[in-house]
Amino acid sequence: MRARKADFAARVVAWQQAHGRNDLPWQNTRDPYRVWLSEIMLQQTQVVTVRGYFDRFLARFPDVQALATASLDDVLGLWSGLGYYSRARNLHRCAQQIMALHQGVFPQTSEVLETLPGIGRSTAAAIASLCFGERVAILDANVKRVVTRVLGFDADLAQAAHVRALWDAATGLLPAGKSAKADMPRYTQGMMDLGATVCVPAKPACDVCPVRVDCLAGAAGDPQRYPVRTRALKRSSQSIWLLWAQTAQGDVWLDKRPTPGVWAGLYCLPLFASEDALRQAVPSHLHNLLQAVPVFTHVLTHKDLHLHAWRLPLADSSLQWASGRWVGADAWPDVGLPAPIRKLLQSSTTD
């Protein structure tokens, strides 16, 4: 592995200032609340999707106190459609802990930030470096790709020991000297920008990369080989039956999902493990009203959900089930719903 070049960080800093992303709504700020919110939203979600959610979140919850005092249902409702809902639950818990344990002020070190719900090592480092100039490395997916390619780091990242070694290697690339603290925010942003716009997974733009002179993978002509990770994701599939009871007025019966489990904490159409179980939940004299909706598949990270929805049109909301409640046509669009359920319900308004 090539030793760290003294001017590597300087190249990244200079490139970010001239060519990096500088117009995103969470940039050009040292406000840890905004940086934290964007970092959580950007986990496993593309920038183009996050932009709208970020603006709406800030409008509703402009600071950590507003988020901490909000109800979880309100938070999930605003998060609805962004996916990976544990992020929203942890976001809410984290805001409450910042108020309760830190008097509403974000800790300024990555070590303390990492003790908060939903903030891992890389996210903590991003907040600390971008907002407070702490000399600490981040290793999100984009930066991991940049570091492994530059250093020719071909150890298998499926092994924890190799991940720890990569953290050490990334730390060795950080700005050093008297200007390190001042350079850290732009360096951190530059590494993220490089991974997102230049050192991309397929067909990286090596000809315009500011650190191509340092890059072992580029020199060898095989950057797409990195990072190395042998452990393949084991995908599974599951069939779920949904009872879609809706009145002529547009009210929908929704049940809040338990935690843990699929769509934990969100409102959802009642879920069943089989069609027989769904039919047993419907009074027998209403079975003739049940209408099968074409089966559709919702893809999660490690699982494909095959959703079998049965629509039950009702004249009014006099029918009740053991758990859940009727949610009015003017209210259900604003509650926290899983993306496929929202899409399903919205289809009824366009029929």
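The lining of the second largest pocket is made up of 13 nonpolar, nine polar and two charged residues (Ala, Val, Leu, Ile, Met, Phe, Trp, Tyr, Cys and Pro count as nonpolar, Asp, Glu, Lys and Arg as charged, and the others, Gly among them, as polar). The model is predicted, with local features needing pLDDT of at least 70 and side-chain atom pairs pLDDT 80 or more, while totals for chains, interfaces and linings use all residues. Numbering runs from 1 along each chain as its sequence is written, and side-chain values use heavy atoms, leaving out hydrogens and water.

A pocket here is an open set of points on a 1 Å grid over the protein atoms alone, where a 1.4 Å probe fits, with protein on both sides within 12 Å along at least five of seven lines; lining residues have an atom within 4 Å of a point. The volume of the second largest pocket is about 540 Å³, a volume being the space filled by probe spheres set on the points, which are joined across faces, edges and corners. Gly83, Tyr84, Tyr85, Trp263 and Leu300 are the closest to its centre among 24 lining residues.

Turning to the largest pocket, its space comes to about 1500 Å³. Of its 46 lining residues, Leu42, Asp140, Ala141, Asn142 and Met192 lie nearest the centre. The lining comprises 20 nonpolar, 17 polar and nine charged residues.

Finally, Trp310 counts as buried because its relative accessibility is 14%, where buried means under 20% relative accessible area (1.4 Å probe, protein chains only). Its C-alpha atom is separated by 9.7 Å from that of Leu289, 21 residues apart along the chain.

Note on methods
Buried means under 20% relative accessible area, exposed over 50%, partly exposed in between (1.4 Å probe, protein chains only).
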